[in-house]
Amino acid sequence: MKKLLYVIPFLFLIPTLNAQESQSEKSVKESGYVNLTSIAAIIGTPDDYSKTNTVVPSLSMINGYRFNENFSAGIGVGVDFFRYAIFPVFADFRYTLSCGSYRPFLALKGGYAFADSDKPLSDYSYPGYYYYDTMLYDMLPYSSSKEYKNSGGWMANPEIGVYIPLSAKLDLSLGLGYRFQELGTEVSFTDYEGKPLDRKSGITSTFNRLTISIGIALK
């Protein structure tokens with residue numbers, strides 16, 4: 001009889017727990033506006049000739065639309081701090097699995113990162129400096145100075161992760177992904193009198209990095 005008295009309260013708790021889980025599932029709207037604001041670490045081995053950090057901080061915000069419980073798409077902007085600041089503008093596509101409160105997702109971002117062109121680069125701030133500098137000097141022995149202009153480049157970032165519910169309107173987003181990023185630099189020359197020379201050179205660097213992100217998603 002005493003054992004039965006211990007069991008009865010649990011029987012009353014079971015419907016309550018089921019109701020809470022159902023309410024959490026229903027809190028994910030089938031369609032409408034969504035937002036994801038996140039910070040990330042872009043991790044990788046630095047280039048032999050550059051001083052690029054092994055961990056690059058990244059900030060981004062995505063504004064999009066959920067078409068159904070699984071699929072959403074949006075436009076994102078951000079800022080990443082590689083050798084200089086770059087500003088990605090990208091499309092974001094997400095597929096979320098509907099399997100309870102914790103919802104895994106697959107995401108793909110792709111776009112172009114614009115560079116902070118007004119910030120000058122030093123001679124030692126791009127890969128292959130010694131090779132390029134020697135080669136360019138051989139071609140332009142009368143050059144007295146060089147100017148650098150950053151042009152940014154294409155980016156792609158596939159990602160897997162999970163949404164963890166924080167409230168009826170907010171989720172915690174955790175992600176793990178791969179980042180492909182191109183960065184271009186144009187080098188122009190002037191002679192000893194300060195006159196620009198016709199010869200220019202383009203340098204393109206490619207980064208392949210691991211990304212770890214955490215963010216807040218408005219659902």
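## Exercises around strand 3

Tyr-65 stands opposite Ala-73 in strand 3.

The model is a predicted one, in which local features need pLDDT of at least 70, side-chain atom pairs count only at pLDDT 80 or more, and totals for chains, interfaces and linings use all residues. Residues are numbered from 1 along each chain as its sequence is written, and side-chain values use heavy atoms, with hydrogens and water left out.

**Exercise 1.** Find out how strand 3 is joined to strand 2 and to strand 4.

*Solution.* 
- Step 1: Strands (E, at least two residues) and helices (H or I, at least four) are DSSP runs, numbered from the N terminus. Two strands pair if DSSP finds at least two bridges between them.
- Step 2: Strand 2 covers residues 55–66 and runs antiparallel to strand 3, with 9 bridges joining them. A hairpin of 4 residues leads from strand 2 to strand 3.
- Step 3: On to strand 4, residues 85–96: 9 bridges join strand 3 to it, and this pair is antiparallel. Here the hairpin has 3 residues between the strands.

**Exercise 2.** Is Ser-72 buried or exposed, and which residues does Ser-72 touch?

*Solution.* 
- Step 1: Locate Ser-72 in strand 3, which spans residues 71–81.
- Step 2: Apply the cut-offs: buried means under 20% relative accessible area, exposed over 50%, and partly exposed in between (1.4 Å probe, protein chains only). Ser-72 has a relative accessible area of 8%, so Ser-72 is buried.
- Step 3: List the contacts (heavy atoms within 4.5 Å). Leaving aside neighbours within four places in sequence, Ser-72 meets Tyr-65, Arg-66, Phe-67, Asp-92, Phe-93 and Arg-94.
- Step 4: Pick out Arg-94, the bridge partner of Ser-72 in strand 4.

**Exercise 3.** Describe the aromatic pair of Tyr-65 and Phe-67, then the pair of Phe-82 and Phe-207.

*Solution.* 
- Step 1: Recall the rule: rings of Phe, Tyr and Trp (its six-membered ring) pair if their centres lie within 6.5 Å; planes under 30 degrees apart count as stacked, over 60 as edge-to-face and the rest as tilted. The whole structure holds 6 aromatic pairs.
- Step 2: For Tyr-65 and Phe-67, the centres are 5.2 Å apart and the planes make 70 degrees, an edge-to-face pair. Tyr-65 is partly exposed because its relative accessibility is 39%, and Phe-67 is partly exposed because its value is 48%.
- Step 3: For Phe-82 and Phe-207, the centres are 5.2 Å apart and the angle is 50 degrees, a tilted pair. Phe-82 lies in the loop between strand 3 and strand 4, while Phe-207 lies in strand 8 (residues 196–218), so the pair links distant parts of the chain, 125 residues apart. Both Phe-82 and Phe-207 are buried.

**Exercise 4.** Which residues make up the largest nonpolar core?

*Solution.* 
- Step 1: A nonpolar core is a set of buried Ala, Val, Leu, Ile, Met, Phe, Trp, Tyr and Cys residues joined through side-chain atoms within 4.5 Å.
- Step 2: The largest one has 9 residues: Ile-42, Val-56, Phe-82, Tyr-84, Ile-86, Ala-113, Ala-115, Leu-183 and Phe-207.
- Step 3: Apart from this core lies another of 8 residues, including Leu-36, Phe-105, Tyr-163 and Ala-217.
- Step 4: Now look at Ser-173 in strand 7 (residues 170–191). Among its contacts are Leu-36, Phe-105 and Tyr-163. Ser-173 is buried because its relative accessible area is 4%.
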